[in-house]
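Trainee: Hi! I'm new to this one, so please walk me through it.

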Amino acid sequence: MMKNPKIASRYAKALFDFATEKDQVEAVHKDLLLVHKTLKDNRELLVVLDSPVIVPSKKRAIFKNVFQSSLNEVTFSFLDVVINKKREPMVADICSEYTKLYNELHHIKTVTLTSATPLSSEIVEKIRTMLAEKTQYTIDIHQVVNPSIIGGIMVKMDDYFYDDSISSKLNRLRQEFSHNIYQINF
């Protein structure tokens with residue numbers, strides 16, 4: 001089945017509204033983080049849920065065995081309905097969309113901080129504090145180490161992208177020199 005982000009968003013919104021009504025927003029969020037991490041860490045489970053060959057009843061049985069004892073009733077019942085409606089390939093996307101709604105409610109922004117080497121906790125905390133002051137949001141930083149940027153940092157938050165990497169600066173210089181008009185032997 002082809003994945004559709006609009007459908008995943010609608011399911012997440014429905015779950016969020018239902019969890020709000022049942023005063024279970026925090027518990028459902030915690031559960032969905034567990035489901036998302038489990039799916040991410042267990043490729044085989046993700047393949048089973050995505051497979052059009054495996055019958056829905058088998059998928060429900062596997063899902064029940066893996067998650068029923070770990071999830072609260074609201075979360076499990078909802079995800080059982082999702083699987084029953086043959087939307088199981090969207091479970092991971094629904095988890096991500098729910099997290100977006102949760103973060104929006106709690107004024108949390110997720111920031112991806114990329115550096116060539118791991119940054120010290122002091123530097124990360126200074127960046128977190130600076131971004132929190134500027135945005136008035138709680139900042140959740142996910143660090144990524146990418147040696148190809150050579151040095152410096154890259155910060156991505158929503159549609160904002162700040163690139164102060166050495167590789168980016170070198171690319172800009174290369175472009176500048178390739179368009180530089182000069183005369184030889186002048």
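Mentor: Let's begin with a term: a crossing is left-handed if the near helix is turned anticlockwise from the far one by less than a right angle, and right-handed if clockwise. This is a predicted model, where local features need pLDDT of at least 70 and side-chain atom pairs count only at pLDDT 80 or more, while totals for chains, interfaces and linings use all residues. Residues are numbered from 1 along each chain as its sequence is written, and side-chain values use heavy atoms, with hydrogens and water left out.

Trainee: Got it. Which way does H1 pass H5?

Mentor: The crossing of H1 and H5 is right-handed. Helices (H or I, at least four residues) and strands (E, at least two) are DSSP runs, numbered from the N terminus.

Trainee: Which residues make that contact?

Mentor: H1 brings Tyr11, Ala14, Leu15 and Phe18, and H5 brings Val74, Phe78 and Val82 (contact means heavy atoms within 4.5 Å). By class, that contact of H1 with H5 has seven nonpolar residues, no polar and no charged ones. Here Ala, Val, Leu, Ile, Met, Phe, Trp, Tyr, Cys and Pro count as nonpolar, Asp, Glu, Lys and Arg as charged, and the others, Gly among them, as polar.

Trainee: At what angle do the axes of H1 and H5 cross?

Mentor: Roughly 150°, and the axes come within 11 Å. Axes are lines fitted to C-alpha atoms, for helices over the stretch in contact, with angles from 0 to 180 degrees between N-to-C directions. H1 and H5 are therefore roughly antiparallel to each other (under 35 degrees is roughly parallel, over 145 roughly antiparallel, 65 to 115 roughly perpendicular and the rest oblique).

Trainee: And how do H1 and H2 pack?

Mentor: Their axes are 8 Å apart, at an angle of about 140°, and H1 and H2 are therefore oblique to each other. Leu15, Phe16, Ala19 and Thr20 of H1 meet Val25, Val28 and Leu32 of H2. By class, this contact of H1 with H2 has six nonpolar, one polar and no charged residues.

Trainee: New topic: which residues of the largest nonpolar core touch the most other members?

Mentor: Val35, Leu79 and Tyr98 do, in a core of 30 residues. H1 (5–21), H2 (25–41), H3 (43–50), H4 (56–67), H5 (73–84) and H6 (91–105) each supply at least two residues of this core. H1 gives the largest share, seven residues. A second, separate core has nine residues, including Val111, Leu113, Ile139 and Ile141. Such a core is a set of buried Ala, Val, Leu, Ile, Met, Phe, Trp, Tyr and Cys residues joined through side-chain atoms within 4.5 Å.

Trainee: Is Ala92 buried or exposed?

Mentor: Ala92 counts as buried, at 16% relative accessibility (buried is under 20% relative accessible area, exposed over 50%, partly exposed in between, with a 1.4 Å probe and protein chains only). Ala92 is in H6 and, neighbours within four places aside, is in contact with His36 and Leu39.

Trainee: What about Asp93?

Mentor: Asp93 is partly exposed, at 28% relative accessible area. Asp93 also lies in H6, and its C-alpha is 8.6 Å from that of His36, 57 residues apart along the chain.

Trainee: One last thing: where does Lys86 lie?

Mentor: Lys86 is in the loop between H5 and H6. Lys86 has a positive phi of about 60°, although it is not a glycine.
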